[in-house]
Amino acid sequence: MRLEEAFVLLVEDEPLLCEVMSAWLGRVAGKAFCAQNGREALRVLKGNRIDIVVSDVRMPVMDGIALLETINRSTPGHPPVILVTGYSDLTLREAYDRGAEALLEKPIDREALLLVMRRCLMQPGELWQQPRRRGVESKLQTRFASLASALEAEKLAFGRKGFCIERSGGLREGPVDFSMDFKDEGRVFAGQGEVRWTAPEERQAGIEIINVDEPCRAWLVDLLRRGAPAACIPASTASASGTLRSAA
Amino acid sequence: MIVTTIGVVVLVAWYVHFPLLIQVQPDMAPMHRMTALSAALSGAALIFFANGRKRAAGLCAGLVFLIAALVCGEYTMNADYGFDRLLGDPYITVRTSNLGRMSPISSLCFLGYSLAMLAMCSRALSHFASAIAGVTGSGLATVGLVSLANLLLHRDPYSWGGLTSVSIPSSTAYALLGFGLLAMAREEQPATRAEWLPVGVCIGVGAAVLGIWRALIEHEESDLPLISLVILTGGLALALLLGLAVYQAQRTQRGSEALRQSEARFRGVFEHSPLGLVMVHTDYRFMKVNESMSRMLGYSAEELESMSPLEFTHPDDRELSNRLAQRLLRGEIPLYQLEKRYVKKNGEVIWAALTATLIRDRQGRVLYSLGIIEDITERKSDQEALRDSEERFRGVFESSPLGLALVRPDLKLAKVNASLCRLSGYSEAELMTMNPLDYTHPDDREESARLAESLFKGEIPFYQAEKRYVKKNGEIMWVTLTSTILRDREGRPAYGLGMIQDITERKTQQEALRESEERFRGLFEQSPIGLTLMGMDYRIIKANAAFCRMLGYSEAEVTRMTALDFTYPEDREPTVSLVEKLFGQGVPMQKLEKRYLTKTGQIIWGRVNASVILDSQGKPIYGMGMIEDISERKRAEEELRMVTQRLSLATKSASIGIWEWELRTDLAIWNEQMFEIFAMPPQGRVSREDWAGRIHPEDMPRVERFLSAVIRNQTPGTVEFRIGLPDGSIRYASAYGGAVLDEKGQVSGVVGMAQDITKRKQAEQRLAEQAELLDLAHDAIFVRDLEGRITFWSRGARDTYGWTAEEALGHTSNELLHTEFNVPQEDVEAAVRSRAGWEGEVVHTTRDGRKLIMASRWSLERDEAGAPHAIMQINRDITARKQLEAQIEAGREQMAAAARLSALGMMAGGVAHEINNPLAIIHALASELAEIVEERGSAPPAMVARSSMLIRQTAERIAAIVKSLRKISREGSKDRYYPVRIAKILHETLELSRARFAARDVKLILPSAIPDLTVACREVQIEQVVLNLLQNAYDAVAGQAGERWVRVDVSARSGNAVISVTDSGPGIPAELRDRIGEPFFTTKEVGKGSGLGLSLSKTIAEEHGGNVEYDDACGHTRFSLTLPLARQAEAA
């Protein structure tokens, strides 16, 4: 779906901000809806087709986090949610884990928001065909006996848009070329990603997948379709979903 | 062992068909069974021999010999006796001429070996055994080694024609057996002396040459007979030459060994000889001396070797020694012997017997002279001693005052001395013809003869007897005869020596004396009074039982002492003068009363009656003392004297009452003081009623007890009692009294003294009471006189400062305590004097150096006359309080800052959001404008106007927040008080809080209209308080379920402005209410609150003249800040 065709719901308690932003969204997207808080947003969601939700975090009545969780929990085939915050109410790691597509800071960078919204609208297969960046210095190369054993041993966990991997260090936030060799299956899962967060003391890193090499793209898409993880990027390798494990 | 093993293994291998062990390599000759058997037996023989079992070894060797001989026979006779296959048919026939037969060289080897072995075992051949064994061993070893080497190189050295070859196992066995034999031969005779060695070498090399030659021939296929012949001949010649060479080498070695041994023997003899041995150069210098010599002379061997023998020869003997030595060295005499003296290193002279001789070499040249020196000092000194003792004996014998006689064993007199002649009255010539028994009294003769016989028989070593001799003139003479035996060198009795002493006079006196002594001793011992006999040197010669009992010593102890030893020191001088009178001036009788010291150190009095005992010449020899114990009497006398003395002393003292109470009349005589003490007019005799009426009834029994105790125990005592005065007051008195005895020793009365002790008593009492009171106080209390010297020191002072009263008294208080004043000390002193007191703080230093801050109160003490005489200081330690105060002050400031910062921290989240939101608005508006302009080239003026207006408004909002934030983070405690409107305070505060409340959905209810009230305050501080109250309210409800709100009310009440903050919470439980406002008390979870907010708020409010209170009247939680309203003038 193209952004121009998408219906966007903006949830923002500051009326002035809501007004300005929805005007802009109305121009860049198909249609813009506005809600003052989470509860209002849920009402809008119920009555309309909504393709993307852009929500503030701190709001009276129902804040952004509660809204995200409610959407994830109660709306089948739920729309992607992009969170916007003026303060560090929650970390990027938490946001991705809770299923948010992205966490943007106020004041909102319009270009960044546009990019995120466009990516949200892409199907995974299409998403991961995007051109790779050249000259990426960061490399992540690992070998596992198999995907199942890696998941079982909590070395790796997949989310809808990325994975969390046990990593002793050396990863910085930013683009990374990754390559995972699943020996037993004879499969090399390689591609390019964006390190979204690192937790060196926990030996964890969260990576959003940007591009996947052709041979295993379909495999990944199929794996995630069958596993259907809730998180965008899991907060920890230990939080891989059971469905995904059985899918592997 | 290995050979046996090889043999057995090969035998077994034959049976189990294992060719590898038999042949080693398939193209090699096998080790036949017979060979194997022989090898096994040979090995066994060797083992047996090595273990000393010669018979078994011989048997094995015999068997081997039999087999070898048979095989040899077979070869030489070219016959087949059929026993080759005795042990089975061979199935390997490589290089074998006759099936199962050992090779000819093997048979020869075994033959030789068995012969050697038999020789070794045989007793008859034992002489040649080692030779045979050695020779055979060499041969065998070489054959074994050569054939083994060749076989390994695929040569066949000892195959004669087409006959059976030697196998590898066999050749190994021969080599080993050969070495075994060699070892045995060597054991019998060492290599250097083995005559067989040359022959052995010869044969060994020969056998080797033969083997090599054979191998060469075989290799070269006998093409060059000449060369091979030359090699053979050359080899054999070489063998012979080697043999000869070895023989020569052995001979020389044997010769030199003999020489070495002889030298070693000589050296051993030289070094270890007990005689001194010296080798002297022809130039008369030492060449070598042995250990005995150096020991004899005390010089070390090195020292001696650098000396000439003359140097330590005794000067007297030097000339002779030198002469003899020169003659010897010149060869004029072959040897000489001389007894001479040497001087040792330590100067001692020793006698030595020197034998000197010349040592020449084979050509007769003089090499050196050898001296043999024996220490004969002992022998020499023995001879001299004998000579001396003989001379001495003769002198003694002749000059002895005792009669001496030498008697031969036949009892003939051999020698008599002059004394004996004098005693007996016979001449020496007469006596020499007599027998001692001849002049012995007939009654004693038998006994004397018997004793003499026993003496000569050696039954007794000597005897002493009192016996009678008959003098020439017929007089009878008592003598003491001491007789002993003199022996010759062989120990045979040579003479009897008799020593005769005339005791005639003693004998006659003794009898008379004994009787008198017996009588005296009886008297002496039985006497009830102490008796002593004392020598002129004061030594006690005898003391009787009574005397010993008196002093507590045993008689033995007393007789070891002098009379002065047990005399009391002060009485020694009178004792000495008595004794001098007794002995020196011949005063026959003396009397003295003196003190003695008993063994236990007690003093006893004794009356001594001393008399002198004279000897026959009238010279004093003994003093005799009769000592009577008069201690009891003396003690009574002393006591009497003491009492008298005391009384006289007492009477001399005017201030003391003297009293004397007569038991019989029950009347007392008093002196003037006595009446004064009892406040009675003086009168004559005082009756009991008179004085008893004065004494306090409670004290009367005590006085009675005192008197009866004095009478009963006859020991003086003291009593204190009160006297009631006519004016009703009380006087304290003390009385001292002692019993008076009459001539019969009965108590006749009591005499004593009395004293008025009222003042002392009162002072004591007051002091005791005061001290008790002061001691009760924990405060450090001390009294110091005007010079500052401490005169009283309380228990509290001790506990506080660490000095005990004993230590502190007499010291100057300011010095002891290093008192530091915070005002000039003169002012303090002046204040004390003028106002009779001072209060203030001082610093005192304790004994252990701690500085204490004391709240000190000084008060002046005056004496009865009202003159100041001391200052009492009461000091209370307030150090801890002071420190605590200081700490609290410091802590409060720090905590206030910390709490403010923590409140700020908590606020920061909300503030950031609060700023971020307007920022986002500005950002969005600006972005929008920019985008529109970009898209369309321009923006509609209305939009621009609206957007810029909104941007300005939003920016102002941010500015307001930043301003409040900046303000609130200041401390504000130093600000001036300023009239501020409550509305303004609330506005500023809410600006910061609103966002937070909104974020958590806490409703903030504000009054619709804020009353226009003004308070004089430090604005920042009051804002902090309001913010704090709002924060608390927010924290209290933020986590609650349901409707959450916080309400702010403002009202004016009796000159005060009241700002109350109420939240939707349920209120504070009653049990916690009292603790609210305590520093650090918090109901918030850990990390959320410092517990200081409310306490600080309270402090601030109080500084403003208001307060913060919890209002428990409403159902919710409500805190109210009350501040006094500013006066109108100020408000304006």
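## Ground rules

This is a predicted model, in which local features need pLDDT of at least 70 and side-chain atom pairs count only at pLDDT 80 or more, while totals for chains, interfaces and linings use all residues. Residues are numbered from 1 along each chain as its sequence is written, chains are lettered from A and ligands numbered from 1 in the order in which they are written, and side-chain values use heavy atoms, with hydrogens and water left out.

## Confidence

The model comes with an ipTM of 0.77 and a pTM of 0.36. Where pLDDT is low, the predicted coordinates should not be read in detail.

## The sheet of chain A

Helices (H or I, at least four residues) and strands (E, at least two) are DSSP runs, numbered from the N terminus; two strands pair if DSSP finds at least two bridges between them. In chain A, six strands make an open sheet with mixed pairing, in the order S6-S9-S10-S11-S8-S7. Strand S6 (139-144) and strand S7 (156-158) of chain A are the edge strands, each pairing on one side only. From one strand to the next, the twist averages 30 degrees.

Strand S10 (residues 187-199) and strand S11 (residues 204-212) of chain A run antiparallel and are joined by eight bridges. Helix H8 (residues 214-227) of chain A lies across S7, strand S9 (174-182), S10 and S11 of chain A, at about 65 degrees to S10(A). Such angles run from 0 to 180 degrees between N-to-C directions, with axes fitted to C-alpha atoms, for helices over the stretch in contact.

## The sheet of chain B

Chain B has an open sheet of five strands, again with mixed pairing, ordered S29-S31-S32-S34-S33. Strand S29 (1003-1005) and strand S33 (1107-1111) of chain B stand at the edges with a single partner strand each, so one side of each has no neighbour in the sheet. Neighbouring strands are turned by 20 degrees against each other on average, direction ignored.

S32(B) and strand S34 (residues 1117-1124) of chain B pair in the antiparallel sense over eight bridges, with B:Ala1057 opposite B:Leu1123 in S34(B). Helix H33 (residues 1019-1038) of chain B packs on this sheet, and its direction makes about 20 degrees with that of S32(B).

## Where the chains meet

Contact (heavy atoms within 4.5 Å) between the chains takes 22 residues from chain A and 24 residues from chain B. The buried area, meaning the accessible area (1.4 Å probe) that two parts lose on being put together, summed over both, is about 2,000 Å², with carbon and sulfur atoms giving 54%.

Seven salt bridges (a side-chain nitrogen of Lys or Arg within 4 Å of a carboxyl oxygen of Asp or Glu) are found across the interface of chain A and chain B. One of them joins the side chains of B:Glu931 and A:Arg27 at 2.9 Å, N to O. Helix H1 (residues 15-28) of chain A gives the most to the side of chain A that touches chain B, with eight residues.
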